[in-house]
Structure formats: C-alpha cells, structure tokens
Amino acid sequence: MAILVDEKTRVLVQGITGKQGMLHTEQMLRYGTRIVAGVTPGKGGSTIVGVPVYNTVAEAVDKHPEINTSIVFVPAPYAPDAVYEALDAGIKKVVVITEHIPVHETIEFVRYALSKQAVIIGPNTPGVISPGKSKVGIMPGEYFKPGNVGVVSRSGTLTYEVSLRLLASGFGVSTAVGIGGDPVTGLSFEDVYELFARDDETRLVVLVGEIGGTKEERFAEYYAKLSSKKPVVAFIAGKSAPPGRKMGHAGAIVFGSEGSYESKVNALRRSGIYVAQSLREIAEIVARVLSTPR
Amino acid sequence: MKDIFEKFQVPVEKSCLLTHEALKDSLGCIKGLRTPLIVKAQVRGWGRGKAGLVKSAENPEEALKVAQEFFLREFNGEKIRYVLVSERKRILREMYLSFMVSSNPPGFLLLASKHGGVDVEELSKTPGGLLKIFIDPFEGLRDYMVRTVAGYLGVPQEHIEKILRSLWQIFREYNFTLLEVNPLALTEDGVLALDRKGVIDDDASRKSSLTGIFARYFSELDELSLSAFQKGFSVVKLDGDTAVVGNGAGLTMATLDAVLEAGARPGLFLDLGGGADAERVREALLLVLKQQNISKILLNILGGITRCDEVARGVVQALSSAKPSSVKVAVRLSGFMEDEGRRILREAGLSAFDSLEEAVASLLG
C-alpha cells in the first residue's frame, strides 16, 4: 500500500509545454510514473516527450478517462484557473507545484475542492512520491527508496534532505507528502497522518515542520486525542530564526510566542511526539523507535 | 492605510500625515484639527505604544515638536518616515475588530472583542474575550454575522454595519492576510476605526489595485531588501559573518540552525526559492558578496526543481566576476543534475560537499 499516489495513479500534466512542465514530465516518466496526457491551451494536438497534449482538461479526460490525478505547473497568475478546470473536469486529486499564488485565491480553490470531495496537494509543494510506485512531483526520485516510514512536510527541499538521511541510515519511505509551504494548503498534517494511520505499510511518521503559523500545534492537539496511534518523529526548522522576520515562506514568520520554535516543540512533546533537535537526530530516533518491539 | 479606509468610507478620525521633509508645511493642516491631539509614529510591526511612539499633544505646536522627536527615532531598526497627527476623541469604550486568513479550515476569520488596546493573542486567552466567526470565501460576510457582532459588542447594528462591510471589502480587494482595527472606538461621534494595521500578501503585489501601496513599500526598503524582493529572493539580514544560501525556506532555515549549532554566526539568510537558474544564483551570490559583514558563505542546494548544473554555473560566474579574496565559500550540492554540477565546479577549481555537516565543518576549519 501507499497513500495518495501508487501504481494505479494516472497523471495529467497541466502546463506541460512550459519549461518546468516539460522537464519534470520527462523526469516523472523516467521514474516510471504513468503520465497519460498533458494540457496547454493553444498547444493541443502536439506531443511532448511522447505525451499527447490537449487544449483543455475536459478534452484530455474525455480521451483518457483513466486520468485520476493532475499535476499543475502553470505560472501563478493562471494557476488557480487551471485548478478549477481540473476540478470541474472531475479530477479528484490535484497536485499544485506552483508557488506565489495569493493566499486569498488559494483559499477559494481549496474550499471549492472540498465541495467537490476532491483533494488539493499544495500549492507550493514538491508533490507526492510513493517510492517504486509513482512520483507526482519534482523531487529527485533517487533520494527515496521503498520502506515503512511515512514522511509529511511543509518544506520541499527539506523533504529530500530528510529522506536522504533516512536512506543513509537504512530506512525507506512508504510515501513522502509535501503539503506545501504556503500558509493555506489543501492538506493539513492531520489529513496526511490519518491516511498514514490507515496504511499498513507505514509504521512510523516523520513530520517536518517549521516556525510560523500553528499547523504543528494543531497537529499536536489532534494527535493527543487519538486513542491508538502510530509513532511520530517531528523536526522543526527555524530554531535560530529571529522573531518578526519572514524566513522565506509566506508562512514562516513568528509574532510574539505564536508559531515560535518553542511553542511548536512544547506542543508536540506534550502530545507524545518525539522531537528531533537536529536533522541528524531524525534517523537516530527513527532507528530507536522502530527497533522497539510493538 | 487611512487613505484606503477613507476611500471605502470607513469612519475614521480627522488627521494630518506628516513627513520629515515637509514637517514645517504641516502646521496649517494640524491647525485645522480640533484639539486635543494625538501623535502616532507610522511604523511596520506591532508594539508601537509600548515603545513610546504614541503621545498626546494639547496644541498644534506641541504636536509638531513630538513629531520632530519621533522622526529622530527608530522602530525595529527602521527609520520613522511618517507621523500621523489626529484629533484625540473622547473615547467611551474601546473595542477590537479584525479579519484574517484562516489556514485550517481554509477560509477567513472575523474576530471581534469588547476590549480594545490589547493584542489579539492576549484576547484569545481570556474566556469570552474574543468572538470568532468563520467566513467561507464563496459566502462572504452575511447579515447574520453583522448582527452577531453588533449584539456581542453591544452597539447598534447601524453603527457597525457600514464599518464591517467596508472592512471586509478592503480585506478582500487588497489581499490582506490580516486587517486589524484596534481600537475600534465608541466616541461621542459614533463608532470610529481609530487605529488600523494590516499585512498584505506579498504574492498579490502584481494586482493593479496594489501598485501604489507596493510602490511606497519599495521606496522604504533598503537596497538589500529591495533588490532581493525584485529578484524574488527572500533575505533576512542577521548580525554574524556567515551567509547561508539555500533553495527552499525549510532547508535554508535548517541550514541556518546547523550553522549556529556548529558555533558559527549567521550573518545573512537567503532563500533562492524554487527553480533558480545560473543567472539567479549569480545575482544572489553577488548580492551576498556586497555585504560588508560577510566573510563566509555556505551554499546548501538540494536539486529538485532547481538544477545543480545551473547552480554550479552561477557560482562559478559570480566568483569569477567578483573575485572575492577574503571570502570563504563552501558548497553542498546534491540531487537533480548533481554530477554535471560537480564537474562544472571541479573545472573551476572548486569542489562540493556531500553533506551539510561536512560543508559547515569546512567553513569552521
């Protein structure tokens, strides 16, 4: 098993003729992801790295009814429209790689997706990878090997870093999910944990958070109330960030005690979550927890 | 901010906006206000009152003197450029009102409190101290929400209706992530939005309605922040000597943490963002090299949407054009197009580290 994407995933690439779209379509195909079609308005009828291109999502879905997931490489000014197009064509899983989408617009399409019982992954996400099965995203595939650690992260490159370290310590990944670095995202840590909890393959979850916002605190609150739980090992980036300054992500800013490193770490610890103090410690804790008999 | 409120007809107090350059010409405007007066420095961030940047004045001359004094001061390391002098209203009661982005569930929040003057974090800790209403983006502000707020605050609905509707319009139109009226004051002239603060989403800067606001914002930035914003880097200046450059906020922050933990002193945080090509990497490094306080640079790149070969090209170009003699550079390169990236660096006489720890250690050694 795996969560969100697996061997049954059939992918549509929106913005397939753009620089990033083209490059990563090629990378995903090389990884073994089943990409069946692409969409770029006005470029219908052409073929990109062997993938047929359509003018509209409706047309692509009509010709390839097996499409069940879309990945969006469309630039920010047009990305929300691309998401609506996918949702209106009935696609239930949309991975939005695009960054810099205004948060008001994100809120609108995320709410719209909810009303359609669809899932948005992102925006500003590296995507999702179930190693050996499917990669719907921009992560370097070779950093992820099959295993029983679920990874959920707010940060793209930090997801790669963490998986690389797990790999070096002999651990593989069931699925790695980038929920996205923006303040508002389609999936929350709770949503992804719930999927991991139901996934037989996943024995432990690594949660990669960062300062700013209250996503980690919310997860801690939720986790504390669960009656049966899989172990969670968390790492929070930004321990050394000065307060009141935005550290890269729109979401990474600390006001007062709200969203600070201490606030997150304390909330997680109180809920019985292991907190790694450094990147190196993540794999050490994972090794310790997984070697303890269940 | 006040201009926007006036444009949307939110009742505000009468006031004059002062700049240091045109301070003397402002006396006429101030004389048109009813005394007593209140003088407030216009700053970015919260905590102005506690910093002593809000003062009363009995007459226009005194207000001018206070303003003069404010212009010589700083707030959070930034010069004070604007001072607002306004009529000091007799306040019967202070309240709080704001709209903000809600991340979970995704949507917006309308917050109201019977108590003004304190920050919302404090209010949320007091039982009954804060009314929270969730707003769906497709539903917008409903009549019942207005009624609920008026009932909770204990003010007639007609006093609050216009303010709420206009605030909501402003919040949505200008893409605020937080728009706060604190205090919302019940005065002898009715309900006034006496002090206004907000945070606009950077990612909305291309909206035409925001051109003016962003133009003013840019005019106030220092050279480093401005060129960083224009190029789409996220930069934070710190006081050490080691610059940390990475791709992606989380990774760059974790790199900063690792640098600090190893005993080095971070002097600059620069997130290249996703998909930086050689030109962007070159520009970023040249920007870093211009900083006087920087003597070490740690570049931590994990290629995903960013290509390691492009990064390597950018590094080589920057270092060969700037030729820094006293700056130590450590590059950690891994991921997409890594082999090609390493080859490019090698040919230029540079090498790349496999892990973050090795790169950090090399800077300290």
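Buried means under 20% relative accessible area, exposed over 50%, and partly exposed in between, with a 1.4 Å probe and protein chains only. This is a predicted model, in which local features need pLDDT of at least 70 and side-chain atom pairs count only at pLDDT 80 or more, while totals for chains, interfaces and linings use all residues. Residues are numbered from 1 along each chain as its sequence is written, chains are lettered from A and ligands numbered from 1 in the order in which they are written, and side-chain values use heavy atoms, with hydrogens and water left out. Helices (H or I, at least four residues) and strands (E, at least two) are DSSP runs, numbered from the N terminus.

- Helix H9 of chain A covers residues 279–291, and its buried residues are Leu279(A), Ile282(A), Ala283(A), Ile285(A), Val286(A), Val289(A) and Leu290(A).
- These residues lie on the same side of H9(A) because they cover an arc of only 160 degrees around the axis; the arc is that of the directions from the helix axis to the C-beta atoms.
- Arg288(A) and Ser291(A), on the other side of H9(A), are exposed.
- Ser155(A) sits in the loop that joins strand S10 (146–153) to helix H5 (156–168) of chain A.
- Ser155(A) counts as buried because its relative accessibility is 2%.
- A polar atom of the Ser155(A) side chain lies 3.2 Å from the backbone nitrogen of Leu158(A). A polar contact is a pair of N or O atoms within 3.5 Å; within protein, one must be able to donate a hydrogen and the other to accept it, and residues adjacent in sequence count only if both atoms are side-chain atoms.

**Interface of chain B and chain A**

- Contact means heavy atoms within 4.5 Å, and 57 residues from chain B and 60 residues from chain A take part.
- About 4,500 Å² is buried between chain B and chain A, with 57% given by carbon and sulfur atoms. Buried area is the accessible area (1.4 Å probe) that two parts lose on being put together, summed over both.
- Six salt bridges are found across the interface of chain B and chain A, a salt bridge being a side-chain nitrogen of Lys or Arg within 4 Å of a carboxyl oxygen of Asp or Glu.
- A salt bridge joins the side chains of Arg280(A) and Glu357(B), at 3.9 Å from N to O.
- Helix H9 of chain B (residues 249–261) gives the most to the side of chain B that touches chain A, with nine residues.

- Chain B has 13 helices and 18 strands, and 52% of its 365 residues count as buried.
- The C-alpha trace of chain B spans about 75 × 50 × 40 Å along its principal axes.
- Gly248(B) is placed in the loop between strand S14 (242–246) and H9 of chain B, and is buried, with a relative accessible area of 17%.
- Beyond its neighbours within four places in sequence, Gly248(B) is in contact with Thr157(A), Asp271(B) and Gly273(B).
- Arg88(B), in the loop between strand S6 (82–87) and strand S7 (91–102) of chain B, counts as partly exposed at 31% relative accessibility.
- The side chain of Arg88(B) makes a polar contact with that of Ser56(B) at 3.1 Å, and a polar atom of the Arg88(B) side chain lies 3.4 Å from the backbone oxygen of Leu37(B).
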